[in-house]
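This report sets out the strand and helix arrangement of one protein model, then turns to a single residue and to the pocket. Please keep the structure in view while reading.

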Amino acid sequence: MTPPLRFGVLGCAEFALRRMLPAMAQAEGVAVTAIASRDGRKAKEAAARFGAAPVEGYEGLLERDDVDAVYVPLPAALHAEWVGKALLAGRHVLAEKPLTCDPADTAELLDLARERGLVLVENVLFVHHSQHTVVRNLVRDGAIGELRAFHAAFTVPALAEGNIRLSRELGGGALWDVGIYPVRAAVHFLGDALEVVGAHLTTGAGREVDTAGAALLRAPGGVTAQLTFGMEHAYRNSCEWHGSEGRIAVERVFTPPADHHPLVRVETASGTEELRLDPDDQAVNALTAFAGAVRAGSAPDRDVRAEAALLGAIRASAGGGHR
């Protein structure tokens with residue numbers, strides 16, 4: 001039997017403990033061997049939950065000989081440093097989004113991974129959910145005629161004071177945190193040659209980071225993408241595909257729970273059809289895909305580079321945000 005891909009985890013972030021580490025316990029061909037934290041007590045508590053070795057300090061994890069790949073759920077501003085160190089240590093890397101807060105840093109890390117023959121993946125889970133294959137096939141097969149426009153929105157209620165996503169120093173802000181989802185969705189469905197037509201970022205009162213934004217993108221064939229994101233809003237998590245003869249809509253599209261039955265609504269002049277799909281665990285799928293990429297020696301995902309360039313262009317077009 002093929003031995004499992006042995007993961008070391010840099011940090012005890014809430015999302016890692018709640019979603020990714022349980023998924024690692026379920027995914028075939030994956031094992032967690034070590035969990036590191038700058039706080040030795042946190043490392044011991046997390047490691048005990050998942051049957052791993054605790055490590056105090058991040059450097060120590062990179063020195064272990066029982067770690068093939070590193071999962072990086074650290075704050076966004078620390079990604080460039082620790083993803084780079086993990087690659088230089090010869091480890092494959094799965095990093096939380098955004099891969100970095102600068103398109104140039106992202107390109108540099110992708111190039112480093114390619115040069116060293118390592119797999120580097122940004123952990124955007126939703127692209128691994130089977131509902132997107134269903135929608136892609138519907139659009140391809142002409143269920144709504146010719147595609148004219150794509151709309152995506154991800155907005156969440158106000159965060160608690162002190163949340164790291166409100167810290168400029170740690171790489172917070174609506175664009176990096178929730179805006180990345182509709183941006184990546186546009187790349188996923190419309191291709192990597194999108195350009196920014198216009199964008200706006202808003203900084204809420206008393207905040208040091210952008211808290212809302214919108215962008216209009218254009219694909220080479222003329223299809224447009226309208227993107228909305230924010231983190232002081234009513235909750236919304238949706239995508240729509242508008243065609244010459246109808247519309248497809250999906251809710252809870254970016255973060256569906258593993259037991260969620262997706263509902264794909266297809267509206268045309270002849271009526272509305274609702275497709276209720278089977279549940280799918282996108283986190284387990286993402287880990288399985290990562291392990292498969294390591295075994296196949298796959299090159300870094302080109303969509304990450306395109307996404308990073310668009311995020312940078314959106315921020316530039318918006319002028320850095322306005323009150």
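Helices and strands are taken here as DSSP runs, a helix having at least four residues and a strand at least two, and both are numbered from the N terminus. The model is a predicted one.

## The parallel sheet

Strands of a sheet pair through backbone hydrogen bonds, either parallel or antiparallel. Six strands in this model make an open sheet with parallel pairing, and their order is 3-2-1-4-5-6. Because strand 3 (53-56) and strand 6 stand at the edges with a single partner strand each, one side of each of them has no neighbour in the sheet. With direction ignored, neighbouring strands of this sheet are turned against each other by 20 degrees on average. Helix 2 (residues 40-50) lies across strand 2 (30-37) and strand 3, and runs at about 165 degrees to strand 2.

## Strand 4 and its partners

Strand 4 (residues 69-72) pairs with strand 1 (residues 5-10) in the parallel sense over three bridges, and in this pairing Tyr71 of strand 4 is the bridge partner of Val9. Strand 4 also pairs with strand 5 (residues 92-95), again in the parallel sense, over four bridges, where Leu94 of strand 5 is the bridge partner of Tyr71. From strand 4 the chain crosses through helix 4 (residues 79-88) to strand 5, and this β-α-β crossover is right-handed.

Which way do the side chains of Ala69, Val70, Tyr71 and Val72 point from strand 4? Ala69 and Tyr71 point one way, Val70 and Val72 point the other way, and all are buried.

When residues up to four places away in sequence are left out, Val121 touches Val93, Leu94, Ala95 and Phe290. Val93 lies 28 residues from Val121 along the chain, yet the C-alpha atoms of the two are separated by 6.4 Å.

An open sheet of eight strands has mixed pairing and the order 8-9-10-7-11-12-13-14. Strand 8 (195-202) and strand 14 (271-276) are at its edges, and because each has a single partner strand, one side of each is left without a neighbour in the sheet. From one strand to the next the twist averages 10 degrees.

Within this sheet, strand 7 (residues 147-155) and strand 11 (residues 236-243) pair in the antiparallel sense over eight bridges, with Phe154 standing opposite Asn237 of strand 11. Helix 6 (residues 130-140) lies across strand 7, strand 11, strand 12 (246-251), strand 13 (263-268) and strand 14, and it runs at about 175 degrees to strand 12. Helix 7 (residues 174-190) also packs on the sheet, where it touches strand 7, strand 8, strand 9 (212-218), strand 10 (224-230) and strand 11, and its direction makes about 160 degrees with that of strand 10.

## The largest pocket

Rolling a probe the size of a water molecule over the atoms shows where empty space is left. The largest pocket holds about 1200 Å³ of space. It is lined by 45 residues, of which Glu14, Phe15, Lys97, Arg165 and Asp177 are the closest to its centre. Helix 1 (14-26) and helix 7 each supply at least two residues of this lining.

Notes:
Residues are numbered from 1 along each chain as its sequence is written. This is a predicted model: local features need pLDDT of at least 70, side-chain atom pairs count only at pLDDT 80 or more; totals for chains, interfaces and linings use all residues. Side-chain values use heavy atoms; hydrogens and water are left out. Contact means heavy atoms within 4.5 Å. Two strands pair if DSSP finds at least two bridges between them. Axes are lines fitted to C-alpha atoms, for helices over the stretch in contact, and angles run from 0 to 180 degrees between N-to-C directions. Buried means under 20% relative accessible area, exposed over 50%, partly exposed in between (1.4 Å probe, protein chains only). A crossover is right-handed if, with the strands pointing away from the viewer, the path from the first strand over the helix to the second runs clockwise. On a 1 Å grid over the protein atoms alone, a cavity is a set of points where a 1.4 Å probe fits but cannot get out, and a pocket is an open set with protein on both sides within 12 Å along at least five of seven lines; lining residues have an atom within 4 Å of a point. Grid points are joined across faces, edges and corners, and a volume is the space filled by probe spheres set on the points.
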